[in-house]
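Hi there,

Here is the structure I promised to pass on to you. Please have a look at it first, and then read my notes below.

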Amino acid sequence: MKTQKKPKSYEAHSADLRKGILLLSVLSQLHQPQYGYDLAMIMEAKGIKADTNTLYPLLRRLEAQKWIRALWKTGKGKARKYYLRTPAGDELYHVLKADWLKLNAALIAMLNEGPEEAEQAALKAGSAAEKDGGNETKQVASQEEKSSPEKMPLTKEQHDKKERTKNENELKEKTAELKAETKKSKEGPEELKEEPEKESKEQLKVQKSQSKGQKEQPEEQKEQATEPELELKNSNKEKEEKENKDEKKKKKKKKKK
């Protein structure tokens, strides 16, 4: 019978799973020096396929991070590069191994449980979360009650800070009110806008009438100024006439003599 090929999407997901455990798998085999190609063959024989395009970049990264170190061995042929865990790499391996064993046990339990067991586990987890949440809220409330500012006396700095914030808030409210009032005055009704226009027209009329009066005043002043001149002229004429009469009289007297 022919075996059915897995879809490409399945292969991609299984590759992601292998990548997740590749680091731990590599560290587990480097308790003794291993050549890169030999390491790939050993891991594949034990059921974990490691592509060389993925394995060698991982080895170089672990070497740069000082988790593993390189050893060069020379034999009959050319020199070969072997890899070995460092003391820091040993610690990393044991930490990752403990984490993996816990996760693996939890995952096996989840995979083996049926639907009823899964529901019960979900209910238990929900009730435990509710209890933890209730305890946390109670603890927070008790802490807030203990540290509430009403029960504890304020220090001088806290009192000054409170006053400053109060004054700042009052100032902000006042400025907001002033802005609102100025905005209302700008956005007033059309009647209010028409009144200044009427007043301006009336003012123009008054100014025109005043300018006319000012023009007429100089003419009156001219007339007033001409009256004394006429009087002077008349007085001069009278004098001349008198003088002429006196001269005529004198001439007549001379002739008689």
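Let me start with a definition: buried means under 20% relative accessible area, exposed means over 50%, and partly exposed is in between (1.4 Å probe, protein chains only). With those cut-offs, E170, at 37% relative accessibility, counts as partly exposed.

Before the rest, a word on the source. This is a predicted model, in which local features need pLDDT of at least 70 and side-chain atom pairs count only at pLDDT 80 or more, while totals for chains, interfaces and linings use all residues. Residues are numbered from 1 along each chain as its sequence is written, and side-chain values use heavy atoms, with hydrogens and water left out.

Now the overall layout. The protein has seven helices and three strands; helices (H or I, at least four residues) and strands (E, at least two) are DSSP runs, numbered from the N terminus. From that end on, the elements run α-β-α-α-β-β-α-α-α-α. Of the 257 residues, 11% count as buried.

Some of that burial is in helix α2 (residues 36–45), where the buried residues are G36, L39, A40 and M43. Seen down the axis of α2, they fall within an arc of 100°, so they line one face of the helix. The arc is that of the directions from the helix axis to the C-beta atoms. After α2 comes G47, with a positive phi near 105°.

A positive phi also turns up at K66, about 65°, although K66 is not a glycine. K66 sits in the loop between α3 and β2 (68–73) and is exposed, with a relative accessible area of 62%.

Next, the charge pairs. Side chains of opposite charge can pair when their charged atoms come close. I call it a salt bridge when a side-chain nitrogen of Lys or Arg is within 4 Å of a carboxyl oxygen of Asp or Glu, and the structure holds two of them.

- K81 pairs with E63, their closest N and O atoms being 3.3 Å apart. K81 lies in strand β3 (residues 80–85) and E63 in helix α3 (residues 52–64), so the pair ties together parts that are 18 residues apart in sequence. K81 is partly exposed at 23% relative accessibility, and E63 is partly exposed at 24%.
- R85 and D90 meet through their side chains at 2.6 Å, N to O. Here R85 counts as buried at 12% relative accessibility, whereas D90 is partly exposed at 27%.

Finally, the surface patches. They are made of residues with over 30% relative accessible area and no salt bridge, like charges being joined within 9 Å and nonpolar side chains (Val, Leu, Ile, Met, Phe, Trp, Tyr) within 5 Å. Accessible areas come from the Shrake-Rupley method with a 1.4 Å probe, and for residues only the protein chains shown count as cover. Lys and Arg count as positive and Asp and Glu as negative, with His and the chain ends not counted; a charge is placed at NZ of Lys, CZ of Arg, CG of Asp or CD of Glu.

- Negative: E157, D160, E163, E170, E173, E177 and E181 gather in one patch. Of these, E170 lies in helix α6 (residues 156–186).
- Positive: the members include K242, K245, K248 and K255. K248 is in helix α7 (residues 190–256) and is exposed at 57%.
- Nonpolar: W100, L101 and L103 make a patch of about 310 Å². L103 is found in helix α4 (residues 87–112) and is exposed, with a relative accessible area of 56%.

Enjoy exploring it!

Best wishes
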